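Student: Could we go through this structure together, one feature at a time? I would like to know how to read each of them.

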2 protein chains.
Amino acid sequence: MRWRELDQQECSVARTVSVIGDRWTLLVLRECFLRVRRFEAFQERLGITRPLLSERLQKLVDAGVLERVAYQERPTRHEYRLTPRGLDLYPVLMAIVHWGDVHMAKDGRRPLLHRHRVCGHVFDPVMVCSECQEPLKAGEVKVEPGFRADGETPASAAQTEAPW
Amino acid sequence: MRWRELDQQECSVARTVSVIGDRWTLLVLRECFLRVRRFEAFQERLGITRPLLSERLQKLVDAGVLERVAYQERPTRHEYRLTPRGLDLYPVLMAIVHWGDVHMAKDGRRPLLHRHRVCGHVFDPVMVCSECQEPLKAGEVKVEPGFRADGETPASAAQTEAPW
DNA sequence: ATGGTGCGTTTGGATTCTGAACCCGTCAAG
DNA sequence: CTTGACGGGTTCAGAATCCAAACGCACCAT
């Protein structure tokens, strides 16, 4: 498999990675969630080179994650905004931030804190089960075959229930 | 900023991306969570080239995400296992899987289903607030400065509360 | 002696990334 | 009416990374 053929894989991780898995793309999205919208702002804040920023933004637009919106005429200028599809990436970013906070922060000091307007507290993001609301642990989740486009029985390799 | 200097950034997203943001690395981790452990198995299942797999596994070991464990002597052979630090990446993978299920699945058909042993149901992963247990929405979270190593006042750029 | 297994490394050519410079439409100042 | 600034890109050469195929190595089995 080549990197560019990822989106054809029958796997939700592979298909998501084909959208957000390029270098810089997750950092561009970080800035988007911090309400950065303009080419110049992305470029300056990230230190990414201009050709690459241009290409990455275009890919995110093509994927429906961002939209390019005119914010003035004469001269026409555009900015990049998260679409609903892009906003749905929030849990991905929060999971990444939280892992970094826990495992990569020096002396346990977090660069940013998150406050939940709903309850007013500084919080951590927690991944829970939609059915019972309990926090998810990898060992408590069983992977089962879903639908496969080719109609074959899914290879249930690595389905033994050994611990990690 | 160059890609390799990412880990020096004062940002949890950047530091996490410096570990998991390389091409193939998230797919390697997907396999790890499916209990794949051996070099040959990763190589065959992913179709990644051998030199790259070798380098990615080594980086994950260096980052403390995987550990290299001998599973036999004569000849000595090793396998790669998730450490506790690696297991903590589970929410990241689940968030990615879920986004792919919702936004990239053809005809809404998911390649895999997840069953929660605790409650017995097929579920979706949901990111909630650790304090009030409510599902998180990007617009309901305020970003605040945390600790900064350089002692400066954090640049509160893009802190206006405009919608996306 | 030959072949197979598991886990890599080496090597040369194909992609991709980087850094610097350049281009374009518009406005504003000199 | 020329010059400069602003925002948002594109072009281009050289550097870094990736790919595919082949090779190496320790052991075992035939």
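**Reading the protein and DNA contacts**

Tutor: Gladly; let us begin with one residue. Setting aside neighbours within four places in sequence, B:V92 is in contact (heavy atoms within 4.5 Å) with A:A95, A:I96 and B:I20. This is a predicted model, in which local features need pLDDT of at least 70 and side-chain atom pairs count only at pLDDT 80 or more, while totals for chains, interfaces and linings use all residues. Residues are numbered from 1 along each chain as written, chains are lettered from A and ligands numbered from 1 in written order, and side-chain values use heavy atoms, without hydrogens and water.

Student: Is B:V92 buried or exposed?

Tutor: Buried means under 20% relative accessible area, exposed over 50%, and partly exposed in between, with a 1.4 Å probe and protein chains only. B:V92 counts as buried because its relative accessibility is 1%. B:V92 sits in helix 6 (residues 90–103) of chain B; helices (H or I, at least four residues) and strands (E, at least two) are DSSP runs numbered from the N terminus.

Student: How many residues does each chain bring to the contact between chain B and chain A?

Tutor: Chain B gives 99 residues and chain A gives 98 residues. Buried area is the accessible area (1.4 Å probe) that two parts lose on being put together, summed over both. For chain B and chain A it is about 9,400 Å², with 63% on carbon and sulfur atoms. B:R35, B:W99 and B:W164 provide 10% of the area that chain B buries against chain A, more than any other three residues.

Student: How many salt bridges cross the interface of chain B and chain A?

Tutor: A salt bridge is a side-chain nitrogen of Lys or Arg within 4 Å of a carboxyl oxygen of Asp or Glu. The rule finds 4 across the interface of chain B and chain A. A:R23 and B:D22 form a salt bridge, with their closest N and O atoms 3.2 Å apart. Helix 6 of chain B supplies the largest share of the side of chain B that touches chain A, 12 residues. That side divides into 57 nonpolar, 16 polar and 26 charged residues. Here Ala, Val, Leu, Ile, Met, Phe, Trp, Tyr, Cys and Pro count as nonpolar, Asp, Glu, Lys and Arg as charged, and the others, Gly among them, as polar.

Student: Now the DNA. Which residues come nearest to DNA strand C?

Tutor: A residue is near a strand if one of its heavy atoms lies within 4 Å of it. Of the 23 residues around DNA strand C, A:L52, A:R56, A:R77, B:R50 and B:S54 come nearest. Of the DNA strand C atoms within 4 Å of the protein, 69% belong to sugar and phosphate.

Student: What does A:R77 approach on DNA strand C?

Tutor: A polar contact is a pair of N or O atoms within 3.5 Å; within protein, one must be able to donate a hydrogen and the other to accept it, and residues adjacent in sequence count only if both atoms are side-chain atoms. A polar side-chain atom of A:R77 is 2.7 Å from a base nitrogen of DNA strand C.
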